Amino acid sequence: MLYENIRIPIAIFVAMIYVMESLTNIASFSSIVNVKVTPYAFVFVINNYRVQFIIAACAIIIFGNAPYENETYRYMVSRSGKTAWGLGQVIYIIKMTLIYVAGIFAASIIPYITRIDFSGEWGKIWGTLGKTNAGTQYGIQLAVSPNIIAVKSKFVCKFIFQLY
């Protein structure tokens, strides 16, 4: 279904481009102040209401034709059974969700891929943007919440790695 319907890759591409465009000013800010960025932009991207709207709109485009019934529906259900067909649809939705979120996550790192600083803390860029008004001075539209910055990234990283 991914290759049969062109709207799915286009929706993923549009969401990725919008996320990357939202982060280009942060990459420029990083270059101006000559400080590397930690790769935690995904947290701030999904916290932004404009980006949330685009992500949700593209998700509706991707999953809008559920329950994926077409001219072969009756044939497929009679051959495989309702349970197997339904399970296949659930697996497809999970697979597309993982692809979509992975694309958005990758897009949140691509704009500053050459300026990444791997650290267990939020880093100077995110701290500066969250605790000062430097973002408005440099034309950065993406709001960095000081409430998110207050959470220690080591705790967040430790929690994420414990899930795996």
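Residues 6-28 are 96% helix and 0% strand, with end C-alpha atoms 33 Å apart; helices here are DSSP runs of H or I of at least four residues, strands are E runs of at least two, and both are numbered from the N terminus. The model is predicted, and local features need pLDDT of at least 70, side-chain atom pairs count only at pLDDT 80 or more, and totals for chains, interfaces and linings use all residues. Residues are numbered from 1 along each chain as its sequence is written, and side-chain values use heavy atoms, with hydrogens and water left out.

**Annotated spans**
- The unreviewed UniProt entry lists residues 6-28, 40-64 and 84-110 as "transmembrane region"; such annotations may be inferred rather than shown by experiment.
- Residues 40-64 are 80% helix and 0% strand, and their end C-alpha atoms lie 30 Å apart.

**Nonpolar core**
- The largest nonpolar core has 38 residues, of which Ile 26, Phe 44, Tyr 100, Trp 126 and Leu 129 touch the most other members. Such a core is a set of buried Ala, Val, Leu, Ile, Met, Phe, Trp, Tyr and Cys residues joined through side-chain atoms within 4.5 Å.
- At least two residues of this core come from each of helix 1 (7-33), helix 2 (41-45), helix 3 (49-63), helix 5, helix 6 (124-131) and helix 8 (146-150). Helix 1 gives the most, with 11 residues.
- Leaving aside residues up to four places away in sequence, Phe 44 touches Trp 122, Trp 126, Leu 142, Ala 143, Val 144, Ser 145, Ile 148 and Ile 149 (contact means heavy atoms within 4.5 Å).
- Ile 125, Trp 126, Gly 127, Leu 129 and Gly 130 are buried in helix 6 (buried is under 20% relative accessible area, exposed over 50%, partly exposed in between, with a 1.4 Å probe and protein chains only).
- The buried residues of helix 6 pack against helix 1, helix 2, helix 7 (134-137) and helix 8.

**Loop between helix 1 and helix 2**
- Val 37 lies in this loop and is buried, because its relative accessibility is 0%.
- Among the contacts of Val 37 beyond four places in sequence are Tyr 112, Arg 115, Ile 125 and Trp 126.
- The C-alpha atoms of Val 37 and Phe 118 are 8.1 Å apart, although 81 residues separate them along the chain.
- Asn 34 is not a glycine, yet has a positive phi of about 55 degrees. Most residues other than glycine have a negative phi.

**Helix 5**
- Ile 94 lies in helix 5 (residues 82-107) and counts as partly exposed, because its relative accessibility is 47%.
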